[in-house]
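My notes follow in the order in which I checked things.

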Amino acid sequence: MRTDSPQTIYRKDYTPPSFLVDSVELGFDLDPARTIVASRIRMRHNPASSSRSIELHGEHIELVQVRLNGKVLKPSQYKLTASTLTIPKAPDEVELDIETILAPQDNTSLSGLYVSNHNFFTQCEAEGFRRITFFPDRPDVMARYTVMLRADKAKYPVLLSNGNLIEEGDLGDGRHYAKWEDPFKKPSYLFALVAAKLVCQEEHFKLADGRTVLLQVWVEEGNLDKTDYAMQSLKNSIRWDEERFGLELDLDRFMIVAVGDFNMGAMENKGLNIFNTKYVLANPRVATDVDYAGIEAVVGHEYFHNWTGNRVTCRDWFQLSLKEGLTVFRDQEFSADMIGTDTGRAVTRIDQVRTLRQAQFPEDAGPMAHPVRPDSFVEINNFYTVTIYEKGAEVVRMYQTLVGREGFRKGMDLYFARHDEQAVQCDDFRAAMADANDRDFQQFERWYSQAGTPVVKAASQYDAAAQTFTLTLSQSCPATPGQPQKLPFHIPVTVGLLGADGCDLSLIVDGVAAETNSVVLELTQAEQTFVFAQVKEAPVPSLLRDFSAPVVLQYDYSDAQLLHLFRHDSDPVNRWEAGQRLAMARLLKLTAAHAAGETLSLDDTFIEAQRALLADDTLDAAFRELALILPSETIIAEQLAQVDPHAIHAARQFMRRTIAEALKPELLAQYHANLTPGDYSPDALSAGKRALKNLALAYLLVAPGKEELALAQQQFDSAGNMTDRAAALVALIHSGDEAAAQAALADFYRDFSGEALVVDKWFAMQAAAPTTDVAAVRQLMTHPAFTLKNPNRARSLIFSFANGNPSQFHTQDGSGYAFWAEQVIALDALNPQVAARLARSMDRWRRYAPALQEHMRRALERVAAKKNLSNDVMEVVSKALSN
Ligand code: TRP
Ligand code: ZN
C-alpha cells in the first residue's frame, strides 16, 4: 500500500486568496521537448485576507527564475515544493516575473500543455494551468490575460489563444508569432492556447444587437467535410441564448478547435473552445444520429458556459455544479427547443431519465456518492460526475418546475445582474431564484448538501361518496458515506389523474382549481396528504409527470393501471414510464426464475401492449422506439439486493427473444414503414424513424432465420449513412451468425480504417457483444489500431467491455476483474484522469454474489497496493474498499 495518504480538501476550509491578480502577460516559446514560458503577473494584496504570503501552484514544471518587482529572488526568499511556490511577506503591490520550462511531448496526462498528433493544445480545467506556470490556480482569482505565442511557422501555422488577435508576424528564423488579448477577466482554468497545423471553416454571423462576429471551426486537414453540423449548432446556440435568456456573445470572435486526444467531451475556454473530435466531426458517412445529437448538445453546452461558468464563475471547485448543472440544464433545453414538438421534448426528457437511472442513481447509491455540492474531495477531477452534471441539471430544472419558465428567467436575470464577472457559490444562484420570485428556497438547499436518491412513496384513497381522491406522499433518503441521516427535501411532484376513458380529469387540489391537467404538489415534510375534490370516478394517478424530481417513486400500481397509463397518459414521459414498470416487474421475476432454475415464460398482456404500441402510427417513431427498449441490465441490477449478472442477462435475453418472436410481422412492417430514403438528414423526425427501424432490425436479429440475416446484410451493404450501417453491423454481431459478423466487421474496418472515430465504434461494438470474452478483448488490444494512450480508443474497447458487457465482464473465474486491474494500472501510468474513470467500474462491487465479490475485492486491493498510484485512482479504489 502507498504510505503517504492523499490529502483531503474540505469545503469548510475555504479561505480567500491572499493576493488578487490584475493582469497576466504570458510568453510561450513553443517546442515539443522544451517549451519556455515567461509570465508577468501584476498582483495586489487582498484586503479580505489576513495572509501576507503569495501562494502559487506549480506542478511538473521546472522553475528557471522568479523576480519580484524587478529583483531576482534567491532560493532562500521563497519556498518551493513539488506543488507550490510560496513567497512569504510580500508588499501590497507586486509584479512577478516567472520563467518555467516544460516538455509538452512527454505530457500523456492531457492536462496542461500537451502534444496531440504533432500539434500543441492545452487543457487547464480544473488544475492544469499549474502545469504551465506558477500561478494562484484557483477559480476565484480572475485576471486579464495577454498572450504571446512563438513557434515554428511551417509546423504550427495556426497560433490561437483566448479573446482577440491583436498582432501577428514573422520572427525571421522560420518562426512566427501571434499576440492575443482577452478583454474579459477570467480564472486560470479558462486559459487556452493552440499551436497547430489546422484548417478552418469560418463564417461571419450577425448578432441580435447588429454586431457581426467571426465564427471558426478548426480541424485537421482532410476533415473540412465534417464541420458543417458543428458550425450550424454553434449558430443555433448563439440564437437560442439570445432568445431564451437574452444572453449575447460578448466577443468579436468565437473559435472551436477539434483535438483527437482529449480527456472529456469539450472545454469552454473563453472564446477558444477545445473539443474532443467526437463532438465536432460529422458527416452522414461517418457519424450516427446519436453522434449528431451529441455534437449539437456539446457545442451548445460549451457555448452556454460563456455566461454560466465564464462571465459568472465558481468561487471554488466545490461549487462546480453551479456552472455544470446549470449549463447541462441549458443544453438540455436547447436540444429540446431545437426539436420543437411536445413529443420531441418528451423524447429528450426520457433520454435524460435513462441516463440518471443508468449512471447517476448507481453513483448516488455507491461508495463515491456525493452531494451536488460536495463537502470534500481528494482529487477534483474525480468530481466531474453524473451527480454534479446530470443531477445538478435536475436540481436546476426543479426551480423551473416550481416557479415556471418566466419565473426561472427572472431568476436568471437577477443572477447575472448581481454576479456578472464574479466567482460565486451555489447558494447565490438559489438566492437569485428565491428573491426574483419571492419564494422561500431555504429547504431547497438540501438538494445541494445531501447525497443519495430520495424515495417518494405514494398511497391513495378514493372516496366515491365524497368524490375525493386523497394522495399521501412520504419521503426518505438512504444513508450515504458520511451522511447517515437525511432531512426532508423540497420535492416538486407533478401529478395528473386519468379517468376510465383515458382522459385527464380536471383538478381541484386542497380547494384550489388547477389551470392545467397537471398540478405541481410540493412535498416538503416527511409525509404529506393532498386532497383532490370533485373527482367523479376512481382515477389512475399519473405521478411525477415529466420526471419532476430526481427521485425513486414507489406506488403500488396494478398491471391494469399501468396498462391504462401506457395506453393513455397525456404525459409522454409517464406513458413511457408505465411501460418500463411493466417490463421491470417481469424482468425481476424472470431473473429470479432463471436463478432458481425454473422455466421462463412471459404473459400475453405485456406482449399485446407492446404490439399495440409498436403499430400505433399516431405516435412519433422516436417515442415508440424508447417505449420498446427494455430497461438495461445495469438498471435491472440496481433493483436487486444481490446481483447475478448472468441471470439478469438471461432474463432480458429471454424477454427480447419472446417479444421478437411474437411481434415478428409487426416488427417487419415497422422496419419497412420507417425507411428514410433520399438524402440523409439528422433531424429528429428522420432520426426517430431510423431508431425505430433499427430497433425492429435488432429484434428481428435476436433469433434470426435466413430472411432476417439477409435483411441485415442488405442494410449493411447498401446503407447510405453511418446510423444504418452501424445498426446493421451491431445486429449482425448479435445475430449468432459468427461468419456473417466477422465478414461484416472486416468490411467495415477496411472501409473506415482512416476514420479514427469510426474505428472507435468498431472496437466498441465488439467489446459490448455478449460473445466477446476477456480473451477476445485482449486479442483486440493487439490490433495495430489499438492504443491505451488515446482516451477515445481506450474507452471504446476497455470501458465498453467493463461497463457495457456485464455478462462477460463478471465471469465466475474473476478474469474480467483481473483484466480491469491490469488496465487501470497501465492507464494510470499514462493518464490518471482516464484511469480513475475506469476504476469507477467497480463501484457497485458489494452488491454482487459473494463469489464475485471476493474476486472484485482482490482486484481492488491489487490496484490499491500498486506503488506510485495517482491520487485520482487512489481516491476511487480506497473509497470502494472502505466501509
Ligand atoms: N468544463 C468541461 C465541460 O463540462 C469539462 C472538462 C473538459 C473537464 N475537460 C476537462 C473537466 C478536463 C476536467 C478535466 O464542458
Ligand atoms: Zn460543462
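I began with the elements around ligand 1: β20 (266-267), α2 (289-304) and α3 (320-339) each give at least two residues to its shell. Helices here are DSSP runs of H or I with at least four residues, strands are runs of E with at least two, and both are numbered from the N terminus. The model is predicted, so I noted its limits: local features need pLDDT of at least 70, side-chain atom pairs count only at pLDDT 80 or more, and totals for chains, interfaces and linings use all residues. Residues are numbered from 1 along each chain as its sequence is written, chains are lettered from A and ligands numbered from 1 in the order written, and side-chain values use heavy atoms, without hydrogens and water.

I listed 16 residues around ligand 1, of which E125, A266, E268, E302 and Y389 come nearest; near means a heavy atom within 4 Å. The shell holds six nonpolar, five polar and five charged residues. The classes are Ala, Val, Leu, Ile, Met, Phe, Trp, Tyr, Cys and Pro as nonpolar, Asp, Glu, Lys and Arg as charged, and the others, Gly among them, as polar.

Next I looked for N or O pairs within 3.5 Å between ligand and protein. A side-chain N or O atom of Y389 is 2.5 Å from an oxygen atom of ligand 1. For H301, a polar side-chain atom lies 3.4 Å from a ligand oxygen. A266 uses a polar backbone atom, 3.3 Å from an oxygen of ligand 1. Taken alone, ligand 1 exposes 370 Å², and the protein buries 97% of that (Shrake-Rupley, 1.4 Å probe).

I then followed α3 to helix α5 (residues 386-419): their axes come within 8 Å and cross at roughly 75°. I therefore call α3 roughly perpendicular to α5, a label for angles of 65 to 115 degrees. Axes are lines fitted to C-alpha atoms over the stretch in contact, with angles from 0 to 180 degrees between N-to-C directions. By class, this contact has twelve nonpolar, five polar and seven charged residues.

Last, the backbone. The peptide bond from E125 to A126 is cis, with omega near -5°. A126 sits in the loop between β11 (119-123) and β12 (142-152). N69 has a positive phi of about 45° without being a glycine.

Notes. Polar contact = N/O pair within 3.5 Å; in protein donor to acceptor, adjacent residues only side chain to side chain. Parallel < 35°, antiparallel > 145°, perpendicular 65-115°, else oblique.
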